[in-house]
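Reader: I would like to go through this model with you and ask, for each label you attach to a part of it, on what grounds the label rests. Could we begin once the structure is on the screen?

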Amino acid sequence: MMGPGWYLRRLSRMGPAEVVGRARHAVVQRQWRSALPVPPDWPSHPRFTAALPSGALDKVSGEAAKRLLATADELMAGRAEYFGVERVDFEAPDWFLDPKTGRRAPSDVYAFDVPYRSEDTVGDIKQIWEPSRHQHLTVLAAAYAVTGSSAYASRVAEHLRSWWAANPPLQGPHWVSGIELGIRLLSWVWTRRLLDGWPGVAELFEENPDFQLQLWHHQNWLATLRSHGSSANNHVIAEDAGLLAAACAFGWFPESAGWRAEAMRSLDVQLGRNTFASGLNAELASEYHGLVLELGLAAAVEADAAGTPVPASTWDVLLRMTDALASIVDNRLRPPRQGDADDGFGLIVDGSETDRWASLLASGEALFGRLDWWPAIPADDVRTPLLASLVSRTPRASGVRPARRPAHLRDAGMTILRSGPVWVRCDGGPHGFLSIAAHAHADALSLEVRHDGVDVLADPGTFCYHGEPQWRSYFRSTLGHNTLELAGRDQSVSGGPFLWTRHAVTKVLAVHTPADGPSRWSAAHDGYAPAVHRRTAELDGDVLKIVDEVLGEGLPEAARLVFHFGPSVTVMLDGTTARLRWTVVSGSPVDGEPGPAAVGGERAAGSAAAADPLVGRVSGSLTGGVRTAVMELPSELSWTVHRGDTEPPLGWYSAGFGRKEPATTLVGSGSPGLLTTLLRFS
């Protein structure tokens, strides 16, 4: 639970208008405690008219359908996985159980009294909330749509009836957070659409008083308690998207027209505020770029299909976001791992093996058309042909699209250096979005380096939000990124797990990214004022040169230069030379495998791995065999190897939310000065 100090720090980041707005929300929540709002009468014969056009499902490829059915059949067998935790109870899930801790959230408590931030009381709230986004139901409904098998539809009906009975309006943890309600509404819209043609669908939806009650209360909640002020980030996008989609597809209430208009207006405004002119999401958290783009596309397509005018400015933002995504991905279509990531999706109608980022780019190509510089998109998906089938006309965006692939997105401070298979992300942007920068990390001037999609110098990721403060602090710390830490503290000052009270200010000093030849980036930040950290990165063919300087007065005596490696990389340290080695496994993404042990320096974990650093690494056939690189580290520092340390945490990689594995980290300790690092790929 948050203490009084956190509330004071949080209040200090709000403006007067936000304080007034939150006070109004508190009054509404108090009123609802004593008397639930009363929905209007349900229309006598509501009709669902937002079905897929005839022939839309015929455009789903056999491979996409195969991946979808593989996931759907796992769900039918009662198996699901959320944030690294396997569940085997999904034939009839407990909607309040956290399988990670075994705790169960209270189901009979007024929603706004649920202490959802307390893992000791309710368990890991993310584990409880995620299944109730009902995105597994859109997968099952899609399986029904492509096969016609009523077993999938019947399971959907069982789960919805169970959930509606267990979660009466404003009771329990699933009525606390607007983003959850918004995404759930979007799932219900697509579930109803994909079950069209099943004999029981009208009885489940249009003719069901339980659905009527849930639908109205979800929309009334979102229309009344919309996020605002310093919380108007991806949450408000999800709230607006869900309200807009539901009011378009289920426009049966007297309030529906007003909800539609206000949600469309707010979505247009908030998409603009949440997006840089370059097209990158302003939270500077790569996964949230994907979430917001998915939500925005789904909502805009829904409105267009319903005949609700979608402003050109909305399509323009979505177009810019799509082009920005195409500009920053590596040659395996992986975006950066910048900032927070919680595996959140806006709409899921595909199997779990479908590549999210390829799917998003495929949807962008279908809606807006591809540019010549876009990367090839090898995969196909279920979602793209279905979304495209609903659009009444090709979206017309007014913005001018880039003629060549952008390498420097100035407003976001993101620069991508490329040379053949080498991809380098340089961070010279703002600390985060809005006054609290909720999903930012203290990662100014950090680098990510990949070779043919393999994380070589890796951003370690996120791992967790609530319940494990030591790990939350580590994964968002300066020490947890490939940058320079001074005086043993972060560049920006944290006030809580989603709150920064002081933001380091970063300025890009120079960028040179020619089509051919060496590329160069230089930036500086004031997080250690009056000292200034300046970093320069130069990529020339297969050689990356990194120069770190600390300038100004009052220089701290202690500095730590940190390099985190991906879990596929074996590191052997000999003095100030680090030899890197990794393999490429056929037919699978190139990272995320269990990592090898580090060897050399002060620490070596595991004698077998020390004898052979590839023990436990190689499985299956190899394509291209072993890759290698050499790092020449600054001799002015004393270098140590860390892997899987826990007191304090150091040497970890989180491939996804709730998952972490040991990975190698090199730390150079000493006095700040002029420090030069060379990374040479063989």
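Reader: Which residue in S15 is the bridge partner of Leu486?

Author: The model is a predicted one, and in it the bridge partner of Leu486 in S15 is Ala559.

Reader: What makes S8 and strand S15 a pair?

Author: S8 and strand S15, which covers residues 559-564, are linked in the antiparallel sense over 3 bridges; two strands count as paired if there are at least two bridges between them, so S8 and S15 meet the criterion with their 3 bridges. They belong to an open sheet of 4 strands in the order S8-S15-S25-S20, where the pairing is antiparallel.

Reader: Why are S8 and S20 called the edge strands?

Author: Strand S8 (484-486) and strand S20 (638-643) each pair on one side only, and that is what the term edge refers to here. On average, neighbouring strands of this sheet are turned by 25° against each other, with direction ignored.

Reader: Which strands form the open sheet of 5 strands, and in what order?

Author: The order is S3-S4-S5-S6-S7, and the pairing is antiparallel. At its edges are strand S3 (408-409) and strand S7 (454-457), each of which pairs on one side only. Helix H14, residues 312-328, packs on this sheet and touches S3, strand S4 (414-419) and S5, with its direction making about 40° with that of S4.

Reader: How do you know that strand S5 and strand S6 pair?

Author: Strand S5 (residues 422-427) and strand S6 (residues 447-451) share 5 bridges in the antiparallel sense, and since at least two bridges are required, the two strands qualify as a pair. Within this part of the sheet, Trp423 stands opposite Arg450 in S6.

Reader: What makes S11 and S12 a hairpin, and which residue in the turn has a positive phi?

Author: Strand S11 (residues 506-512) and strand S12 (residues 519-525) pair in the antiparallel sense over 6 bridges, and Val508 stands opposite Ala523 in S12. The two strands form a hairpin with 6 residues between them, and in the turn Gly517 has a positive phi of about 95°.

Reader: Which residues make the contact of H10 with H11?

Author: On H10 they are Leu215, Gln219, Leu222 and Ala223, and on H11 they are Glu239, Leu243, Ala246 and Ala247. By class, this contact has 6 nonpolar, 1 polar and 1 charged residues.

Reader: At what angle do H8 and H11 pack?

Author: H8 and H11 pack at about 35°, with their axes 7 Å apart, and H8 passes H11 in a left-handed crossing. The residues of this contact divide into 10 nonpolar, 5 polar and 1 charged.

Reader: Which peptide bond is cis, with omega near 10°?

Author: The bond from Ala529 to Pro530 is cis, with that omega, and Pro530 is found in the loop between S12 and strand S13 (532-540). A cis peptide bond also joins Glu647 and Pro648, where omega is about -5°.

Reader: Finally, why does the radius of gyration agree with a compact globule?

Author: For 682 residues a compact globule would have a radius of gyration near 26 Å, and the protein has 25 Å, which agrees. Its C-alpha atoms fill a box of roughly 80 × 55 × 50 Å, taken along the principal axes.

Conventions:
Residues numbered from 1 in each chain as written. Predicted model: local features only at pLDDT ≥ 70, side-chain atom pairs only at ≥ 80, totals over all residues. Heavy atoms only, no water. Contact = heavy atoms within 4.5 Å. Axes fitted to C-alpha atoms, helices over the stretch in contact; angles between N-to-C directions. Nonpolar A, V, L, I, M, F, W, Y, C, P; charged D, E, K, R; others polar. Rg over C-alpha atoms; globule rule 2.2 N^0.38 Å. Left-handed = near helix turned anticlockwise from the far one by under 90°.
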